[in-house]
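Hello,

Here is the structure I promised to hand over. Please open it first, then read my notes below.

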Amino acid sequence: MTLLPDMRYPTPHELALAGRALAEEHPGRVRMRQAGVSRGGKPLWLLSVDGRRGGPGEVLVVAGAHANEPVGGATALDLARRVIRAGGGGAGWHFLLCADPDGAGLHRTPRPYSLLDYHRGFYRPPGPEQPEWAPSLLPPDRLPPETRTLTALLDELRPALQVSLHGTDLGGSWVQLTRDVPGLAEPFGKSAAELRIPVETGASDAAGWGSPGPGIFVMPRDGSEDTRRSTWCHRHRGTTAIVEVPMWASDLVDDPAPHPDPRGALRLLAERLTGEAARVAGLREGVPGDGPGAAALLRAVDWTLGLIPDVAAAWTGPGVPAEATTASLGSLDAFGRRLTLRAAAMLLRVLRGQAHPAAPGLDRLVTGWCEEFSARFRARWVPVATQVEHQSRTVLAAYRCLQTGQA
C-alpha cells in the first residue's frame with residue numbers, strides 16, 4: 001500500500017520522472033507524451049497505459065487541478081501501476097499527472113506536519129486561473145492553456161469516465177458525479193471504513209445535490225451554470241467523478257444527527273466569517289505586489305476575500321433550511337474557516353517576503369486560527385499512503401460499476 005517511502009507528496013518534476021520510468025520499464029504498454037504547456041512554460045505530461053484514441057471505455061484521470069491538493073499526483077501513479085499489474089485487455093487509462101504545475105510550484109508543503117505547517121506554504125489560485133473551473137468564469141478566447149489542454153484531451157479521448165482527483169485539508173471523503181454510478185456507494189463506504197476515513201455526508205460543495213448513498217452526490221440536471229460550464233461537463237457523453245479525500249480527518253462531518261438550530265448556527269458562522277474577513281482585508285489594504293510570487297498570491301487573496309460576502313449572505317438569507325444534519329453544519333463551518341485562513345496565510349507569505357511590520361501580528365493570527373480549526377474538529381492526520389489507497393480504490397470501483405452497468 002505504501003507508494004512513497006518518505007510519505008511525501010510528489011512534486012510535478014518527480015511525477016514526470018516516475019512517469020518516464022514506467023514508460024521505459026513497459027515500452028509496449030506505457031507511453032509518456034507532452035500534452036501541452038502551462039502559462040509559465042512548464043510541460044503538461046500525459047501518461048497512458050494501453051491507451052487508444054477515442055476507443056470505447058477510455059478513462060482520463062486528472063491530477064493537480066488545485067495546487068493545494070497534491071495527493072492526486074501520487075494517486076495517479078499508484079493507479080497506473082495497478083492498471084499495469086492487472087494486465088491487458090481492458091480500457092486505455094490516461095493520466096494528466098499535474099494539471100497546474102505553475103500553481104503546484106507556489107504551494108510549498110510537500111510534507112505538512114500540521115495545519116499550520118500546511119498553511120505556511122499555502123497557495124490556491126483564483127477561480128479564473130484554475131484549469132477545471134476557468135470555463136465557468138472566462139470567455140473561450142481567454143481560457144488559460146492548461147484548460148485548453150484538458151479540453152483537447154477530452155475531445156481526443158472521449159473518455160467513458162473522467163476522474164478528477166481532489167483533496168480537502170480537513171474533513172472527510174466524498175464523491176461528486178455528473179451522473180449516477182449505481183453500486184458505487186458500497187465499495188466507497190467499505191474502503192472509507194477500513195481506512196478510518198470519515199464519509200462527508202453533508203459536503204458543502206454538493207449542497208442541493210441528490211445522494212444515492214452516504215458520501216455520493218449526483219449533480220442535478222438543472223445544476224448551477226458555473227458547474228455545467230466546467231471541464232467536468234465538457235462536451236462528451238461520459239461520466240465525471242470528482243473524488244475527494246482528506247489530509248486531516250474529522251468525525252464531525254460524518255454525524256447524521258439532526259442539528260438543533262441550523263439557522264441560528266449559520267447566523268453565528270456568517271458573523272464570524274464576516275468579522276475574520278474584515279481583519280484580513282484591513283491588513284491587505286495597500287500591500288504592493290513586490291517580491292517572488294507576490295502578485296499571484298495577492299490575486300488569490302483578493303479572489304478569496306471576494307467570495308465571502310455572497311457566502312455570508314447565503315447563510316443568513318431566506319433560503320436557509322429549518323432542518324439540517326450536524327454533518328452538513330460541520331462541513332459549512334469548516335468551509336468558512338478555511339476561506340479566511342487561506343486568505344490570511346497567502347497574505348502572510350507576501351508580508352514576510354517584504355519584511356512588512358504587520359507580518360508578526362498576522363503570523364500570530366494564522367497560528368491561532370490553525371490551532372482553533374484543528375481543535376474544533378479534533379483533526380487527525382491521514383497518512384499519504386492511506387489517502388492514495390482510498391482514492392485508488394474509489395476510482396477503480398467507479399470504473400467497475402460503470403462497466404457492470406454497461407454490460
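A search of the whole structure finds 0 disulfides (pairs of cysteine sulfur atoms within 2.5 Å). This is a predicted model: local features need pLDDT of at least 70, side-chain atom pairs count only at pLDDT 80 or more, and totals for chains, interfaces and linings use all residues. Residues are numbered from 1 along each chain as its sequence is written, and side-chain values use heavy atoms, without hydrogens and water.

Cys 370 counts as buried because its relative accessibility is 2%. Cys 233 is partly exposed, because its value is 22%. Buried means under 20% relative accessible area, exposed over 50%, partly exposed in between (1.4 Å probe, protein chains only).

Now helix α11, residues 359–376. Helices are DSSP runs of H or I, at least four residues; strands are runs of E, at least two; both are numbered from the N terminus. At 1.5 Å a residue, the 18 residues of α11 should span 26 Å, and the end C-alpha atoms are 25 Å apart, which agrees. The expected span is 1.5 Å times one less than the number of residues. The buried residues of α11 include Leu 362, Trp 369, Cys 370 and Phe 373. The buried residues pack against α4 (115–120), β5 (161–171), α8 (262–284) and α10 (326–353), where contact means heavy atoms within 4.5 Å. After α11 comes Arg 378, with a positive phi near 50 degrees.

Best wishes
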